[in-house]
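Trainee: I would like to go through this model and test each label against its cut-off. Can we take it term by term?

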Amino acid sequence: MQGPHLRPIIILLLCFAVYTPAAAQQDTGKDLKFYADFRFRAELDRDSRSSDGTTRDDRDRLRFRARFGLNYQYDERISFGLRLRSGSSEATQSPHVTLGDELTPKSFSIDKAFAKVAFEGGSMWLGKNSFPFWKQNEHFWDDDATPEGVAGSYQFALGEDASLTATGGYFVLDTPTSNTFGDQARFFAGQLAFKSDVGAASVEGAAGYFAFRENPDEPDPRLADLDYDIVAVGAKARLKVGGRSLDLGLDLMTNVKDYPTTLFNNDQTTGYVASVKYGGLSSPGDLLFAYYYAHIEKYAVVARYAQDDWVRWGSATATRSSNFSGHELRAAVALGSKNNIVARLYVVDGIERESSGATAKEDGVRFRIDWNIGF
């Protein structure tokens, strides 16, 4: 009776069992913290053409996301974290569940489980946790894809108003039986991130190298049977205009791996994202407006670990989010400090035909309204 979807719930109940009233009397409330969030989404897809030239049916969906987590501070240096999320356990990029399916119960999975050790100037974690590298959007890496392995960072002070943070990590992607570490599908990365205040303005950004290695014996389909060597750099400037924040951002990605000319679209290895964002959502009544332009060539990112918002290409559990250019328009209003409504419009076009057998470039239009609330 203990199927794969029940195991995370059992683990969570055990965590609650440990937190007994007697433990509460020992003031563990300062050490154990719970958090949760919920999203309800209305999503409309229109005018989408597939790679064979046919038009996809228009699609309207109602969806939700639910997440629940806890953090436990064991002592001054050691802490633990756990989070459950809704959605298919096979959907790395998305915890969202579509309403329907004859009212069947929905599943939950563990998407974070880690131990963290803090030390003067930095920290390291082991397990499954959030992407540890600096980024300002999800075009290179989706927030819902939580890496599994070990990562650490150390911060250097550069005067009173500036800092430099070095981050590195080794993460396992695929571990077939009896494979050694050298044969596993994996990625390792290093990044230097900076942050500095300049008067009333601030500047931050990063440069990093991300190496993805395929398993030569049992290929991981998410890596498309390829290795990737990606250099990613980005920067953001924040100004104050009219009493509100104005963020100007730019990201560049290039895959320096030299692919054979027999690989279709072998030279499509560069991507960039330009963005402008005005306002914020920290207090009731706050407004936010944003515009993004993205140009992401086929091998500029690992498509099945990057964002899944802009396109409906791929499968039910893996979005193929590269080989496109397009626009995002965003408007949002805060109903509370952790309560907001966000509307987003995406208009995209394929850069190249997806494969040698394709007859057309894919495209599409998507509109979303999200209600987000955190606890």
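Trainee: What makes R56 and E362 a salt bridge?

Mentor: The term requires a side-chain nitrogen of Lys or Arg within 4 Å of a carboxyl oxygen of Asp or Glu. In this predicted model, the closest N and O atoms of R56 and E362 are 2.7 Å apart. So the pair qualifies under the 4 Å limit. R56 sits in the loop between β1 and β2, E362 in the loop between β16 and β17, and 306 residues separate them.

Trainee: What do the numbers and values rest on?

Mentor: Residues are numbered from 1 along each chain as its sequence is written, and side-chain values use heavy atoms, without hydrogens and water. The model is predicted: local features need pLDDT of at least 70, side-chain atom pairs count only at pLDDT 80 or more, and totals for chains, interfaces and linings use all residues.

Trainee: Why is R56 called buried?

Mentor: Buried means under 20% relative accessible area, exposed over 50%, partly exposed in between (1.4 Å probe, protein chains only). R56 has 18%, so it is buried. E362 has 5%, so E362 is buried too.

Trainee: Why is R46 called partly exposed?

Mentor: Its relative accessible area is 28%. D58 lies in the loop between β1 and β2 (59-73) and R46 in strand β1, so the pair ties together parts that are 12 residues apart in sequence.

Trainee: How many salt bridges does the whole structure have?

Mentor: The search finds 28. One of them joins R41 and D370 at 2.7 Å, N to O. R41 is in strand β1 and D370 in strand β17, so this pair ties together parts 329 residues apart in sequence. Both R41 and D370 are buried.

Trainee: Which residues form one network through shared partners?

Mentor: E43, D45, R59, R61, D309, R366 and R368.

Trainee: What makes β3 and β5 a pair?

Mentor: Strands (E, at least two residues) are DSSP runs, numbered from the N terminus; helices are H or I runs of at least four. Two strands pair if DSSP finds at least two bridges between them. β3 (residues 78-86) and β5 (residues 108-119) have 9 bridges and run antiparallel. So they pair. I78 has V117 as its bridge partner in β5. β5 is also joined to β6 (residues 122-128), antiparallel, by 7 bridges. In that hairpin, with 2 residues between the strands, G121 takes a positive phi near 90°.

Trainee: Which strands does β14 join?

Mentor: β13 (residues 270-279) and β14 (residues 287-296) run antiparallel with 9 bridges. β14 and β15 also run antiparallel, with 10 bridges. L288 in β14 stands opposite G279, and its bridge partner in β15 is A332.

Trainee: How do you know how far to trust the coordinates of residues 1-28?

Mentor: pLDDT is the predictor's confidence in each residue, from 0 to 100. It stays under 50 over residues 1-28. Where pLDDT is low, the predicted coordinates should not be read in detail. For the chain, the mean pLDDT is 91, and 91% of its residues reach 70 or more.

Terms used:
Contact = heavy atoms within 4.5 Å.
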